[in-house]
Amino acid sequence: MTEPAAPAPAVLPRLPLPAPSPGCPPPHPSPRVPKLRLPPGSCDAHCHVFGPVARFPYAPDRTFTPLDAPKEQLGSLHAHLGLTRTVVVQSSCYGHDHRVLLDALAAGGGRVRGVALIGETTSRAEAEELHRAGVRAFRLNFLPHLRSRPTNAEIDAVLDRVDGLGWAAQLHVRGDDLPDLTDVVRALPGRVVIDHMGRVDLAAGRDSPATRTLRALLDTGDVWVKVSGVDRLSLEGPPYTDAVDLAASLVAYAPERVVWGTDYPHVNITGDPPDDGLLVDLLERIAPEPAVLKSLLVTNPAELFDFDE
């Protein structure tokens, strides 16, 4: 007697992937191999991981939708560029769901640190779990396209959750707002990191109120600056000479309190994504002395994000 055929396994419908937002193009398809040889232990101190969205879905109330850029894609890029340490910044499109960040940290073998988005709904236990996983900073977004400005009560709630963990506060601000945020920056305990050179408007000149504020904050000794995002700030396009000049001036001004990152995979941008190999080669102009380059890429991020030297 012929056995009845086994029923075919049920085929679950595949949900369509969300379409990316305008300003979220694919990364550069073929970044060049950098000519600049980076010192051992060099760190990309600002980058993001997105997806795969089927495993790590985005927050329903997000303000933008990126393409998938999972940790494996980021790792391949870093191997191509000569970077061996990483700081993954939690994106606002994930809100306070840190599963994608925790996954990247778990796979990093001690070479990855994280920057979290802590909210009023985040428990102290969750903050401690993030710390054990490798988070060493929290981010406050002041850009209107990402969220409304955090209130004093929200900032106090974040500080309460992370009290005693030794994390830095990382601020994402718009240059025009920087002078008005001076009191907020000075009131934060511990180290404060300003993302992307404060996103100052280069059209206002190198001695604008925003740029003067950035230098004055560096003078406090507790403020650090990420000299990342030259492609975002530049008014000229590649090789971003105007923004590179600003980055070089900040590195020369406070070489012990600057770090650098690719900002990969370059979301919420205008125009084409930058060549990440070019961004690495521009470091030769941003930090032309080998000792300063090592501070920018190795020593400073090791101190700020608690990497082993």
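My notes on each topic follow.

**Model.** I kept in mind throughout that this is a predicted model.

**Sheet.** I started with the strand order. I found an open sheet of eight strands, running β1-β2-β3-β4-β5-β6-β7-β8 with parallel pairing. The edges are β1 (43-47) and β8 (258-259); each has a single partner strand, so one side of each has no neighbour in the sheet. Next I looked inside the sheet, at β4 (residues 135-141) and β5 (residues 168-172), which run parallel and are joined by five bridges. I also checked which residue Arg139 pairs with in β5, and the bridge partner there is Gln170.

**Helix α11.** Helix α11 covers residues 290-305, and at 1.5 Å a residue its 16 residues should span 22 Å; the end C-alpha atoms are 21 Å apart, which agrees. I still noted a bend of about 45° at Leu296. Leu296 is also one of the buried residues of α11, and so are Leu293, Leu297, Pro301 and Phe305, among others. Just past the helix, I saw that Asp306 has a positive phi of about 65°.

**Salt bridges.** How many salt bridges are there by the rule used? The count comes to 16. I went through three of them.

- Arg32 and Asp281: their closest N and O atoms are 2.9 Å apart. Arg32 sits in the segment before β1 and Asp281 in helix α9 (residues 276-281), so this pair ties together parts that are 249 residues apart in sequence. Arg32 is partly exposed at 38% relative accessible area, whereas Asp281 is buried at 10%.
- Arg212 and Asp207: here the closest N and O atoms are 3.8 Å apart. I looked up both partners: Arg212 is partly exposed at 42% relative accessibility, and Asp207 is partly exposed at 47%.
- Arg232 and Asp263: the closest N and O atoms are 2.7 Å apart. This pair links distant parts of the chain, with Arg232 in helix α7 (residues 230-233) and Asp263 in the loop between β8 and α9, 31 residues apart. Is Asp263 buried or exposed? Asp263 is buried, with a relative accessible area of 2%, where the cut-off for buried is under 20%.

Last, I checked for shared partners.

Technical notes:
Residues numbered from 1 in each chain as written. Predicted model: local features only at pLDDT ≥ 70, side-chain atom pairs only at ≥ 80, totals over all residues. Heavy atoms only, no water. Helix = DSSP H or I, 4+ residues; strand = E, 2+ residues; numbered from the N terminus. Expected span 1.5 Å × (residues − 1). Bend = angle between axes of the 7 residues up to and from the residue. Buried < 20%, exposed > 50% of the residue type's maximum accessible area, 1.4 Å probe, protein only. Pairing = 2+ DSSP bridges. Salt bridge = Lys/Arg side-chain N within 4 Å of Asp/Glu carboxyl O.
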